[in-house]
Amino acid sequence: MIHHDPKIWGEDVHAFKPERFLDGIAKATNNNPTAFMPFGMGHHMCAGSNFAINEAKITIAMILQRYSLTLSPGYVHAPHPGLTLRPAYGIQIILNAL
């Protein structure tokens, strides 16, 4: 039911609008990022979630085999404490083909 709540997703909750995620999950969900559970949880979990996670791991491994990663010269190191420690401004990286 949480994925169909107009208070969280807006009045067009049933419309297919991938662009609602352009500014991130928090903006798409009215600052309620925990409302987005693409694979569900508990005994209502999607049967394809393990497959999707494995596909993502394989895709990342294939990308890392073909590119080297370096930090952008404009990167600013600013750790931001939350539930986990994360970069306050993201991590800008440069991909160089091998």
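Phenylalanine 21 is partly exposed, with a relative accessibility of 31%; the class covers values between the buried range, under 20% relative accessible area, and the exposed range, over 50% (1.4 Å probe, protein chains only). The structure is a predicted model, in which local features need pLDDT of at least 70 and side-chain atom pairs count only at pLDDT 80 or more, whereas totals for chains, interfaces and linings use all residues. Residues are numbered from 1 along each chain as its sequence is written, and side-chain values use heavy atoms, with hydrogens and water left out.

Aromatic pairs were assigned between rings of Phe, Tyr and Trp (its six-membered ring) whose centres lie within 6.5 Å; planes under 30 degrees apart count as stacked, over 60 as edge-to-face and the rest as tilted. By this rule, 3 aromatic pairs are counted. Tryptophan 9 belongs to helix α1 (residues 6-9) and phenylalanine 36 to the loop between α2 (25-28) and α3 (49-66), so the pair ties together parts 27 residues apart in sequence. Helices here are DSSP runs (H or I, at least four residues), numbered from the N terminus.

Tryptophan 9 is buried, at 9% relative accessibility, whereas phenylalanine 36 is partly exposed at 29%. Phenylalanine 36 also forms a tilted pair with phenylalanine 21, at 5.2 Å centre to centre and 50° between the planes. This pair links distant parts of the chain, 15 residues apart: phenylalanine 21 lies in the loop between α1 and α2, and phenylalanine 36 in the loop between α2 and α3. Trp9, Phe21 and Phe36 form one aromatic cluster.

Note on methods. Helix = DSSP H or I, 4+ residues; strand = E, 2+ residues; numbered from the N terminus.
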